[in-house]
Amino acid sequence: MIVGCPLPNIPWEDRPSTYAGVVWRYSNNPVIPRDLNPTSNSIFNSAVVSFKGEFAGVFRCDDTRRFMQLHVGFSRDGIHWTINPDRIQFQGDDPEVLRWEYGYDPRVVWLEDRYYVTWCNGYHGPTIGIAWTRDFETFYKLENSFLPFNRNGVLFPRKIRGKYAMLSRPSDNGHTPFGDIFYSESLDLEHWGHHRHVMRPNGGWQATKIGAGPIPIETAEGWLLIYHGVLTSCNGFVYSAGVAILDLDEPWRVRYRTEPYILSPRELYECVGDVPNVVFPCAALTDAPTGRIAIYYGCADTVTGLAFALVDELIEFTKTHSRV
């Protein structure tokens with residue numbers, strides 16, 4: 001059901017025989033600890049892709065000053081990682097574009113002939129930064145995609161109706177207590193318009209705000225979008241994950257959307273950390289022939305977890321438990 005390429009070395013662990021859910025956790029989570037780099041306070045909300053038969057990624061590494069930075073990492077198996085100790089130094093011609101305040105919550109996608117990185121970029125408030133690389137050594141920064149304030153910019157892995165496409169979540173300058181997902185189009189990855197509303201908070205675990213997670217996965221049923229939703233509890237925000245299926249040709253049209261979550265904070269490393277009670281998916285590796293999906297997600301804004309799913313099960317669960 002996945003439209004894509006084989007990834008025979010996708011990180012994988014079979015579902016425990018005693019577990020009935022459609023998404024299950026890696027038994028050795030967290031897969032990336034908070035102190036993998038000696039200067040890191042935490043490593044979470046990070047993006048991973050297949051690269052030259054192995055794996056590479058862009059990682060949110062908050063340092064011990066508690067500054068939010070983006071670092072490159074590499075792995076042979078998608079589980080054991082080496083992360084560069086220095087943050088990415090973006091290249092470009094315009095000093096105004098290259099001025100650095102902060103960067104966090106990256107996503108990475110192979111699009112046409114290169115990898116694109118999107119992230120929450122500091123430019124007089126949070127907005128969507130975008131850059132490209134071919135080798136994960138040199139990164140060329142483009143213009144910010146939108147005005148502040150915006151977060152959770154997620155590119156689609158191919159053009160739609162001849163245009164580049166991105167999901168985002170307009171927000172404010174703080175810990176936003178609201179948020180809907182929107183769709184935007186561009187001819188050149190710099191000028192964005194044709195904005196369309198995709199979906200809003202839907203009650204329960206996703207009552208306060210929502211935001212796109214990993215790069216949408218193309219399937220025969222539509223774009224499979226793993227997203228996060230937030231509940232405002234008496235003890236603060238609780239971040240969980242759900243799934244929506246978007247129309248292939250008009251992705252602002254939601255065909256199905258899970259009413260129950262697929263993953264929510266339960267384990268100690270998800271409930272206890274710098275920001276308690278958070279699961280925040282940012283990346284999903286896929287193997288088209290087997291339908292396997294490996295999901296990387298931030299845990300309590302402190303460490304990185306890994307979970308697994310099968311695409312046919314996710315689609316069936318979404319269709320069966322849908323409330324758009």
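Is Arg158 buried, partly exposed or exposed, and what is its relative accessible area? In this predicted model, local features require pLDDT of at least 70 and side-chain atom pairs count only at pLDDT 80 or more, whereas totals for chains, interfaces and linings use all residues. Residues are numbered from 1 along each chain as its sequence is written, and side-chain values use heavy atoms, with hydrogens and water left out.

Arg158 is partly exposed, its relative accessible area being 30%; the classes are buried (under 20% relative accessible area), exposed (over 50%) and partly exposed (in between), computed with a 1.4 Å probe on protein chains only. A salt bridge, defined as a side-chain nitrogen of Lys or Arg within 4 Å of a carboxyl oxygen of Asp or Glu, joins Arg158 to Glu218, with 3.0 Å between the closest N and O atoms. Arg158 belongs to the loop between strands S10 (150–155) and S11 (164–170) and Glu218 to strand S15 (residues 217–219), so the pair ties together parts 60 residues apart in sequence. Helices (H or I, at least four residues) and strands (E, at least two) are DSSP runs numbered from the N terminus. Glu218 is buried, at 15%.

The loop between S10 and S11 also holds Arg161, which forms a salt bridge with Glu185 at 3.1 Å between the closest N and O atoms. Glu185 lies in strand S12 (residues 181–186), 24 residues apart from Arg161, and is buried at 5% relative accessible area.

A further salt bridge connects Arg15 and Glu313 (2.8 Å, N to O). Since Arg15 lies in the segment before strand S1 (24–25) and Glu313 in helix H3 (residues 311–320), this pair ties together parts 298 residues apart in sequence. In total, 18 salt bridges are counted, and Arg34, Arg66 and Asp274 are linked in a network of such bridges.
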